[in-house]
Amino acid sequence: MLVAEEAVEIRVLRRQGKSIREIARILDVSRNTVRRYLRGEGLPRYTREARPSKLDPYKHYIGERVKAAAPDWIPATVLLREMRALGYLGGYSILKDHLATTLMDHGNVSIPAAEDQRVVR
């Protein structure tokens with residue numbers, strides 16, 4: 001795959017009237033590569049299919065627990081312990097990240113009492 005500058009260079013050389021063979025020779029790439037970049041609108045983009053997460057089967061459970069605890073919050077470690085009992089094999093980080101986005105989506109962003117009390121000196 002070519003870098004963006006080379007893709008632009010192919011188009012510039014073509015506008016200058018250079019042939020596909022000549023462009024390929026100048027840039028030291030295959031003629032088929034030159035054709036492919038001339039045919040395309042922009043740079044080809046690699047897109048990856050979304051994979052299911054280990055957390056997906058438990059998202060409904062998490063949502064229900066967060067709603068049941070509102071306006072308070074449940075620590076991720078407590079949820080992790082409960083979900084492990086249900087068969088969850090994922091880790092703490094993915095759960096914590098999901099909880100952060102879930103809490104922000106529901107507007108339940110509150111600092112736990114233990115962390116809220118700061119010592120002022």
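The protein has seven helices and zero strands, where helices (H or I, at least four residues) and strands (E, at least two) are DSSP runs numbered from the N terminus. From the N terminus on, the order of elements reads α-α-α-α-α-α-α. The model is predicted, so local features need pLDDT of at least 70 and side-chain atom pairs count only at pLDDT 80 or more, while totals for chains, interfaces and linings use all residues. Residues are numbered from 1 along each chain as its sequence is written, and side-chain values use heavy atoms, with hydrogens and water left out.

Of the 121 residues in the protein, 26% are buried. Buried stands for under 20% relative accessible area, exposed for over 50%, and partly exposed for what lies in between (1.4 Å probe, protein chains only). Accessible areas come from the Shrake-Rupley method with a 1.4 Å probe, and for residues only the protein chains shown count as cover.

The loop between α1 (4–15) and α2 holds serine 19. With a relative accessibility of 33%, serine 19 is partly exposed.

Most residues other than glycine have a negative phi. Aspartate 28, although not a glycine, has a positive phi of about 60 degrees. Its relative accessibility is 70%, so aspartate 28 counts as exposed.

On the surface, Arg21, Arg25, Arg31, Arg35, Arg36 and Arg39 gather in a patch of positive charge. The elements giving two or more residues to this patch are α2 (20–27) and α3 (31–39). Helix α3 supplies the largest share, four residues. Patches are made of residues with over 30% relative accessible area and no salt bridge; like charges are joined within 9 Å, and nonpolar side chains (Val, Leu, Ile, Met, Phe, Trp, Tyr) within 5 Å. Lys and Arg count as positive and Asp and Glu as negative, while His and the chain ends are not counted. The place of a charge is taken as NZ of Lys, CZ of Arg, CG of Asp or CD of Glu.

Helix α4 (residues 59–69) has Ile62, Gly63, Val66 and Ala69 buried. Seen down the axis of α4, these buried residues fall within an arc of 135 degrees, so they line one face of the helix. The arc is that of the directions from the helix axis to the C-beta atoms. His60, Lys67 and Ala68 are exposed on the other side of α4.

A salt bridge is a side-chain nitrogen of Lys or Arg within 4 Å of a carboxyl oxygen of Asp or Glu, and the count by this rule is three. Lysine 18 and glutamate 22 form one of them, at 3.9 Å from N to O. Lysine 18 has a relative accessible area of 26% and glutamate 22 one of 31%. Aspartate 56 and lysine 59 are also joined by a salt bridge, at 3.1 Å from N to O. Arginine 65 forms a salt bridge with glutamate 82, their closest N and O atoms being 2.8 Å apart. Arginine 65 belongs to helix α4 and glutamate 82 to helix α5 (residues 76–86), so the pair ties together parts that are 17 residues apart in sequence. Arginine 65 is partly exposed, at 24%, and glutamate 82 is partly exposed, at 23%.
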